[in-house]
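Student: I have just opened this entry. Please walk me through it.
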Amino acid sequence: MLTLDFRDIQDKLSTHFTPWQRSFQFWVRTVDIYTGYKVFQLRVSFVKDAKKQDEMWEKQHELAADKIYAMCSDLGGFFLKAAQIIGKPDLAPAAWVRKLVQLCDKAPATPFDAVQLTIEKELGRRIWEMFDTFEVEPLGSASIAQVHRAKLKGDKSDVVVKVQHPGVENLMMTDIHNLQAFALYMQKTDIKFDLFSLTKEMEKQIGYEFDFFREANAMERIRHFLYKNNKKSPVLVPRVLKEMVTRRVLVMEYINGIPILKLGDEMVKRGINPDSKIAAAAKRNILTSLSQAYGQMILKSGFFHADPHPGNILICKDSKVALLDYGQVKDLPDSLRLGYADLVIAMADNDPARASESFRELGIDTLSKCVNGEQELLKLAQTLFDTKLPAGVTMLQPFAEDSSIKKIAVQAFPEELFSVLRTVLLLRGLSVGLGLNYSCAEQWRPIAEAALYNAGRLKDGCGGCGNRFQKRRRGDGR
């Protein structure tokens, strides 16, 4: 018999760190990490040997990685999401990636008695009246919710039950407001990029994640779009059990697969060399399927899954890809969708003039301080919105001194585009993690042409793209 009521459990879980304690912890730890780097920059400037500098930087990154990992692990919640964004092999130092990748789906699990009370409170029935079996240990626990495998009464197929952690919403909002204050400071001092707008968009998107009604509707909408517009959908999308959805509980179809991060280990188990041609072909097929789905969602529909981090991607039988967790989705207005389609073509064609025009159309306000402004702006566009890395480069380091972001200050960036930016960055991180280097702009080019063609926006001077569209029309997913 349960000895605690729902409010008791919620209070116990939500007071590990109260809002003011979380704020204190955030600022103490963030200032320590930030000042550590500033002091180190001064110290390393006195060292002339390049090899010695590299060794010093590696040690500094390892020290910072331990501190960032400790902060994200101790505070959980929003900081686990931050770790997913930061810990990408194309963006963060290798020491950070090695440490932060361990946090993927490592949020502390809510005790089962609290899970049971939440389910029964939300669905209005005793748990054993609804399920024949219900696994007490969760399949995984993330920042906002955890998922359990179960079997419904009278049904042989398995389902997944997603249950929101009690008390997590207020704490995550506290975290985001602290991050917004830090972002304002950083963009005024070190980084010439509109970071505050980015954090405002994050606040909006994460706020949506607490409504599972919204997530269920998004999952069904994307599932319908991908399955209707393809003979065979490039990715699998779970089916929602509509009669078992509330704001804090979501029951959906169970899809059997392995997390993409464990793909290499699974290949070894099956006697496949992860570096072999067979493995490379399988990885490329996986990435192509995922990228094709995103190209169609962003450019053709405008409504897309905006959280393709590794924890949300499963590899199923025959290298099929399943895309999970629809808490973060974005619905782009047609003006931005078509403006981005123009930018995709500009990036694929290496067209500086078109990229510059697309930036203006999208409302990205820049301040160029270099002689070859349009060419540098094209490089900036490819850094932000394409997955391909330059030859010989394994990490873009967008905020380095010689980067395009430093040369072209981004004074204003539409909040709605940050979901596209984040999605592309996550896709690039996946491609680097799989050991592949591809351009989503090149793959999405025919889809972008189709979107512009259908909107009557292909221009006479577009270099024959209308003819190319007619030849390559199958690329639009129809």
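Tutor: Let us begin with two terms. Strands (E, at least two residues) and helices (H or I, at least four) are DSSP runs numbered from the N terminus, and two strands pair if DSSP finds at least two bridges between them. The model is predicted, so local features need pLDDT of at least 70 and side-chain atom pairs count only at pLDDT 80 or more, while totals for chains, interfaces and linings use all residues. Residues are numbered from 1 along each chain as its sequence is written, and side-chain values use heavy atoms, leaving out hydrogens and water.

Student: How many residues does the hairpin from S5 to S6 pass through?
Tutor: The hairpin that joins S5 to S6 passes through 3 residues. Strand S5 covers residues 240–245, runs antiparallel to S6 and is joined to S6 by 2 bridges. In one of these places, Val240 has Met252 in S6 as its bridge partner.

Student: Which strand pairs with S6 over 5 bridges?
Tutor: That is strand S4 (residues 158–164), and the pairing is antiparallel. Within S6, Leu250 stands opposite Lys162.

Student: What about Phe385 and Phe413?
Tutor: They form a stacked aromatic pair, 6.1 Å centre to centre with 15° between the planes. This pair links distant parts of the chain, 28 residues apart: Phe385 is in helix H15 (residues 373–385), and Phe413 is in the loop between strand S13 (408–412) and helix H17 (418–433). Phe385 has 0% relative accessibility and counts as buried; Phe413 is buried too, at 3%.

Student: Which residues touch the most other members of the largest nonpolar core?
Tutor: Tyr340, Phe385, Phe413 and Trp444 do, in a core of 114 residues. A nonpolar core is a set of buried Ala, Val, Leu, Ile, Met, Phe, Trp, Tyr and Cys residues joined through side-chain atoms within 4.5 Å. Leaving aside residues up to four places away in sequence, Tyr340 touches Ile298, Leu299, Leu362, Phe385, Val420, Val424 and Trp444; contact means heavy atoms within 4.5 Å. A second, separate core has 17 residues, among them Ala150, Val159, Leu241 and Val251.

Student: How many disulfides turn up?
Tutor: A search of the whole structure finds 0 disulfides, where a disulfide is a pair of cysteine sulfur atoms within 2.5 Å. Cys316 is buried, with a relative accessible area of 12%, and Cys440 is buried at 0%.

Student: Lastly, where does Glu442 lie?
Tutor: Glu442 lies in helix H18 (residues 440–454). At 44% relative accessibility, Glu442 counts as partly exposed. Lys388 is 54 residues from Glu442 in sequence, and the two are 9.4 Å apart in space, C-alpha to C-alpha.

Key: Phe/Tyr/Trp six-rings, centres within 6.5 Å; stacked < 30°, edge-to-face > 60°. Buried < 20%, exposed > 50% of the residue type's maximum accessible area, 1.4 Å probe, protein only.
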